[in-house]
Amino acid sequence: MCSSDLNAFATGRNPENAAVAATTGLLRHLSREEIAGVMAHELGHVRHRDTLIMTVAATLSGAIGMLASFGGMMGGGRDENGRPLMNPIASIAMMILAPLAATLVQMAISRSREYEADREGAEISGRPLWLASALRKIEHGVAQIGNAAADRNPVTAHLFIVNPLHGGAMDNLFSTHPSTDNRVRALEDRKSTR
């Protein structure tokens, strides 16, 4: 993929119908070993059907948002004439909290899938420190270069190997990715247990 962003991604609903890709920016800035670590990480996503899992999570999140919006319009119960009763406070709370809760769950799933792809990538390559080094370089590149497209459309952040919206925030409820420090630490721990 022709892009100066440092990124790689996997796509496909299952291992038989999947592909992994890397941007030209990633290929230019990482060593062969680091690229191998990143590709192993992406193959981990393929092996565990993460594209399908995240598609289902996003669909369910959207459906919950729509149902909450519809439920807010419907209210609860009916009056003596059969008209829907409207509880405006409950309706507003449901319209705000249900989609927020669904989004938080979706982001938590995304973070857990990244850790699992890191673990699987370390297994595939046999060299967890290759991916650890790549993650550090990619995070540094994100901090230096930025990503205007991702900043304009943050919903695409989960498509990147590290969070493109900032260069290394802590793990939190509103992040699609674990912090790079935590990911590297987990990979280094894998190295020390070998």
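**Close-up views of helices α2 and α4**

**View 1. The crossing of α2 and α4.** In this predicted model, helix α2 passes helix α4 in a right-handed crossing. The two helices pack at an angle of about 115°, and their axes lie 7 Å apart. From α2, the contact is made by Ala40, His41, Leu43, Gly44, His45 and Arg47. From α4, Arg113, Glu114, Ala117, Asp118, Glu120, Gly121, Ile124 and Ser125 take part. Sorted by class, this contact comprises four nonpolar, five polar and five charged residues.

**View 2. Helix α2 along its length.** Helix α2 covers residues 32-47, a run of 16 residues. The buried residues of α2 are Glu34, Ile35, Gly37, Val38, Met39, Ala40, His41, Glu42, Gly44, His45 and Val46. Ala40, His41, Gly44 and His45, buried in α2, also belong to the contact with α4.

**View 3. Helix α4 along its length.** Helix α4 comprises 38 residues, 88-125. From first to last C-alpha it reaches 55 Å, close to the 56 Å expected at 1.5 Å a residue. Buried positions in α4 are Ser91, Ala102, Met107, Ser110, Arg111, Arg113, Glu114, Ala117, Asp118, Glu120, Gly121 and Ala122. Among them, Arg113, Glu114, Ala117, Asp118, Glu120 and Gly121 also contribute to the contact with α2. Gly126 follows α4 and has a positive phi, near 75°.

**View 4. The largest nonpolar core.** This core has 19 residues, and those with the most contacts inside it are Leu26, Leu30, Val38, Leu135, Ile138 and Ile161. Helices α2, α5 (128-145) and α7 (180-192) each supply at least two of the core residues. The greatest contribution comes from α5, with six residues. In soluble globular proteins, nonpolar side chains tend to be buried together.

**View 5. The surroundings of Val38.** Val38 is a buried residue of α2 and is listed with the core residues that have the most contacts inside the core. Residues up to four places away in sequence aside, Val38 touches Ala8, Leu26, Leu30, Leu131, Ala134, Ile138 and Ile161.

**View 6. Arg49 after helix α2.** Arg49 follows α2 and lies in the loop between α2 and α3 (50-74). Its phi is near 55°, a positive value in a residue other than glycine. Most residues other than glycine have a negative phi. The relative accessible area of Arg49 is 36%, so this residue counts as partly exposed. Leaving aside neighbours within four places in sequence, Arg49 is in contact with Arg13, Asn14, Pro15 and Glu16. Arg49 and Arg113 are 64 residues apart in sequence, with their C-alpha atoms 9.8 Å apart in space.

**View 7. The protein chain as context for the close-ups.** The protein chain contains seven helices and two strands, which run β-β-α-α-α-α-α-α-α from the N terminus on. Of its 194 residues, 36% count as buried. Among contacts in the protein chain with a separation of 6 or more, 61% are between residues 24 or more positions apart.

Conventions: Residues numbered from 1 in each chain as written. Predicted model: local features only at pLDDT ≥ 70, side-chain atom pairs only at ≥ 80, totals over all residues. Heavy atoms only, no water. Helix = DSSP H or I, 4+ residues; strand = E, 2+ residues; numbered from the N terminus. Expected span 1.5 Å × (residues − 1). Buried < 20%, exposed > 50% of the residue type's maximum accessible area, 1.4 Å probe, protein only. Core = buried A, V, L, I, M, F, W, Y, C linked by side-chain atoms within 4.5 Å. Contact = heavy atoms within 4.5 Å. Axes fitted to C-alpha atoms, helices over the stretch in contact; angles between N-to-C directions. Left-handed = near helix turned anticlockwise from the far one by under 90°. Nonpolar A, V, L, I, M, F, W, Y, C, P; charged D, E, K, R; others polar.
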